[in-house]
Every structure is written in structure tokens, then in C-alpha cells.
Amino acid sequence: MSKLFGTSGIRGLFGSEVTLELATKVGLSIGHAGSKRVVVARDTRPSGIALEYALAAGAIAAGAEVISAGVVPTPTLGHATRKFDCIGAMITASHNPPEYNGIKIFEKGTEACVRRERDVERHVLSGMDRLKWNEMGSQVSYDSAVHDHIESVLRRIDRAKIEKKRPKVLVDAGNGAASTISPFALRMAGCQVIGVNCEPSGSFARGLEPNAENLKEFSKLVRACGADMGVAHDGDGDRAVVLDEKGQMLGLDVQLALMCEHELEWKNGTIVTTVEASLAVRQAIERHGGKVAIVPVGSRRVSERIARTKGAVFGGEPCGEYVYPKAGLLADGILAGLKFANLFCEKGKLSSLRSTVKSYPIMRGKYRCKKKEATMRKVAMDMSRLKGRVNTADGIRIDFENSWVLVRPSGTEPVIRLTCEAHEQKECKELYSKVESIIKRACG
Ligand code: MG
């Protein structure tokens with residue numbers, strides 16, 4: 001188990017877990033790696049600028065050329081590492097509260113592999129290098145990062161259809177990194193765009209996770225403005241959550257199912273999703289002639305599987321992170337927003353489209369828990385009494401005749417997550433509360 005890296009890189013409280021010293025050490029480590037070029041970028045968290053400079057200082061001291069992209073979404077940074085054929089570091093804690101921050105490493109257009117993270121970790125834990133005055137690197141700005149990312153995603157949609165219909169789209173970037181690109185990308189694609197919370201100011205008007213509670217106000221605005229749809233992002237713009245013209249969230253599973261169908265229409269093949277994906281998603285893929293590949297949670301796992309699966313056309317997680325392999329092997333919330341605008345222009349009202357997806361009652365929850373590993377051991381023991389097919393690829397998933405349940409420790413937060421789905425509401429509730437009480441007991 002990695003000491004520093006979770007499922008989404010390094011993440012923790014700024015100042016105690018994620019410090020300037022740590023950022024500098026990571027910079028020193030990746031500055032030594034590969035091409036000796038490092039792209040750095042950050043989301044809009046107030047602690048981001050100091051961490052970015054600290055990391056850049058480390059990389060420069062290691063002799064690297066630092067390419068600074070400034071405040072941009074994670075997928076924009078990812079694309080930049082492909083353009084410059086190098087390593088990159090994104091300073092972000094995605095959807096976590098503003099007091100958190102973190103570092104996510106990319107390499108040549110995709111999230112860095114575990115081996116690279118281990119190398120960095122070893123280097124960080126073994127201490128600082130002695131620096132030589134005459135071997136310093138340099139720094140340049142990369143001002144066209146946003147422009148380049150927009151150009152690349154516009155190639156992946158049917159602009160003629162969007163330009164013809166000119167849909168009215170509201171975008172809520174939560175004042176996060178997507179503020180710098182999502183409204184512009186949609187406008188350039190031909191949408192009429194109204195930006196909400198699109199100031200990359202570092203003061204957050206809503207929680208950075210695009211969930212129902214945080215999007216209450218946005219939902220009202222979508223309805224009040226008579227928009228065709230709404231798109232909301234998390235803090236670093238690798239996720240997109242979509243609302244219909246009534247201001248209702250499509251639902252994470254429904255929107256994933258719709259996107260799977262959409263991508264299969266473009267080209268048939270395999271779709272990669274995770275152990276958290278619902279029956280609706282799996283059935284949608286199979287109904288449209290696609291094959292399903294299931295991986296553990298995390299966009300890196302999705303991307304890795306896509307890379308080694310011939311004929312993989314799309315990968316998506318229920319949280320709203322979608323990977324479009326033709327655009328790049330990374331989760332891209334900006335392209336996802338454009339794709340939904342595209343979908344609307346092709347198929348019409350999203351509220352009607354939602355009803356075409358057969359979905360079952362699904363319940364999700366999270367429980368605060370500091371000692372995740374010990375708790376999971378207790379949970380596993382208690383859950384073994386439930387009679388079903390057990391899968392431990394990621395957490396514990398048990399499949400029954402008409403239902404399934406998944407308990408897994410979050411890779412980014414001190415919480416245990418519970419997901420449960422069943423054909424009937426009653427069955428879903430019963431299974432949920434049974435497993436919920438197991439978790440609560442184990443958490444003490
Ligand atoms: Mg994110």
C-alpha cells in the first residue's frame with residue numbers, strides 16, 4: 001500500500017498532510033524523470049499557487065524545464081503532457097473541500113502508472129538531493145493550454161449539429177478550474193452559454209462535488225433561464241454532471257448509460273466501467289451490442305484497461321468521469337459536457353431521453369471512518385454471512401439473484417462507501433440498511 005498516493009494521486013489537508021516541502025520533493029523527483037520537462041498546473045484552491053511554485057522550484061532545481069500552464073482543469077494538464085511528451089503535475093484535490101489539496105501526476109497524456117508513483121514516493125521519502133548551483137533548469141509559460149485543449153475536443157463532436165440547433169446551456173464550474181475553459185468550449189461548439197460560478201477566484205460558492213445538494217441553486221437557474229440543459233463540474237473539471245431542461249439531474253447512472261449508448265452509436269466495441277456501475281449501465285451497453293469490461297474504481301484503472309483492450313470505444317465511471325480514448329486516455333469533463341450538448345442536438349429533450357433508460361432503485365452512501373483497513377476487515381467478516389457471489393477486486397461486492405451490494409474504502413477521503421441496487425425498492429432498502437448497520441458497527 002502506497003504511503004503517499006491514493007486512487008487519485010496525493011491528497012490531504014493542506015499544511016499538515018500536503019505541505020510545500022512535500023510539493024518541492026515531488027518536483028525534485030519528477031524533475032529528474034524522463035525528458036526533464038515538467039508541465040505544472042493547478043485548480044483554483046487558495047493553497048494551489050504556493051504548492052505549484054514549490055513543486056516548480058523542486059523541478060527546476062532538479063534541472064528540468066518547467067512549463068507552467070497556470071489555472072486549468074486536470075484534463076487540460078493531461079493533454080499538455082501529451083503535447084510536450086513529458087511528465088506533469090496537477091495541483092488539485094478534485095471535489096474535496098477547499099482546505100484539501102493534492103498532486104496528481106500525468107505522463108504523456110495519461111495518469112502516471114503505479115510504478116512511476118512508487119519511484120516518486122521512494123525519492124520523496126529518501127530525502128532531498130544536494131543541489132548544484134550550475135545545474136538549474138528553467139521555466140516557461142504555456143499560455144495556450146486552454147486553446148489547445150479546446151481545439152482537440154472540438155474535433156470529437158459533431159459541430160454542424162450543434163451549430164444548427166444552438167442549444168441554450170448553463171454551465172456551473174463551481175468557481176473551479178473548469179471556469180477557465182468549459183463555457184468557452186461550449187460556446188465555440190455553437191451553444192448559447194450562460195456561465196454560473198465561472199470565476200476562477202478560489203472562493204467557492206458551492207461544494208465542489210457536483211451532487212444534488214450542491215447543485216440545488218443551479219437546478220433552479222437551469223429551469224428559470226429556460227435552458228435546454230445544464231452542465232456542472234467538480235473542482236478540477238475532470239467530471240461533468242448533466243441536468244435536463246427541468247433542472248433535474250439525469251442521475252449518475254442514467255447519464256452514464258446514455259453516454260455509453262451514444263458512443264456505441266459512433267462505433268461498436270467494448271466499454272470499460274467500474275465495479276460501481278449499475279445494472280442500467282451494463283444493460284444499456286449490452287442492448288446496444290457492446291461488450292462490458294469491469295475494473296476497480298478510478299479513472300486510471302479505466303484508462304489502463306482501455307489502453308490494453310482492442311476495440312475499446314469509451315470508459316466511464318458513475319461519478320461522472322468519462323474517458324474518450326480518441327481524444328485521450330484521461331477523464332475529461334470538458335469533452336463530456338460537449339458530448340451531452342451533442343446528444344441533446346441529436347436526440348432532443350434530455351428529460352425524455354432519461355425515461356428511455358431502464359433503471360432500478362439504487363442507493364449510495366458514505367460513512368466517516370478513520371481506520372479504513374481495519375474497518376474493512378471487520379465488514380468483510382460480517383458480510384461473508386450474506387449468501388451471494390463475492391467479488392473482492394475492489395472492496396467487497398456481493399451479487400444476489402436480483403440485487404447487489406458494494407462496500408469499498410474511498411481512495412481519496414476518510415470514508416467507506418456503500419452502494420446497493422435491487423430490482424425492487426423494498427429489497428434495495430432492506431439490503432442497504434442491513435449492510436449499513438454492519439459498516440456502522442465496524443466503524444465503532
Ligand atoms: Mg475531479
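Tutor: Helices (H or I, at least four residues) and strands (E, at least two) are DSSP runs, numbered from the N terminus. This is a predicted model, in which local features need pLDDT of at least 70 and side-chain atom pairs pLDDT 80 or more, while totals for chains, interfaces and linings use all residues. Residues count from 1 along each chain, and side-chain values use heavy atoms, without hydrogens or water.

Student: After which helix is G444 found?

Tutor: G444 is exposed, with a relative accessible area of 94% (exposed means over 50%, buried under 20%, partly exposed in between; 1.4 Å probe, protein chains only). G444 sits in the segment that follows α15 (425-443).

Student: What separates the C-alpha atoms of G444 and T375?

Tutor: Along the chain, G444 and T375 are 69 residues apart.

Student: Which residues coordinate the magnesium ion?

Tutor: A donor is an N, O or S atom within 2.8 Å of the metal (3.2 Å for Na, K and Ca), and sites may look incomplete without water. In sequence the donor residues follow the spacing S-x139-D-x1-D-x1-D. D234 is buried at 0% relative accessible area, and D238 is buried at 2%. At 2.0 to 2.2 Å, the ion is coordinated through OG of S94 and through OD of D234, D236 and D238.

Student: In which strand is D172?

Tutor: D172 is buried, with a relative accessible area of 2%. Apart from residues up to four places away in sequence, D172 touches V196, N197, R206, L215, F218, V231, A232 and H233 (contact: heavy atoms within 4.5 Å). Residues 168-172, D172 among them, form strand β9.

Student: Which residues touch the most other members of the largest nonpolar core?

Tutor: Such a core is a set of buried Ala, Val, Leu, Ile, Met, Phe, Trp, Tyr and Cys residues joined through side-chain atoms within 4.5 Å. The largest one here has 66 residues, and its two members touching the most others are M229 and F314.

Student: Where does F314 make contacts beyond its neighbours within four places in sequence?

Tutor: Those neighbours are left aside here. Among the contacts of F314 are L256, M259, C260 and E263.
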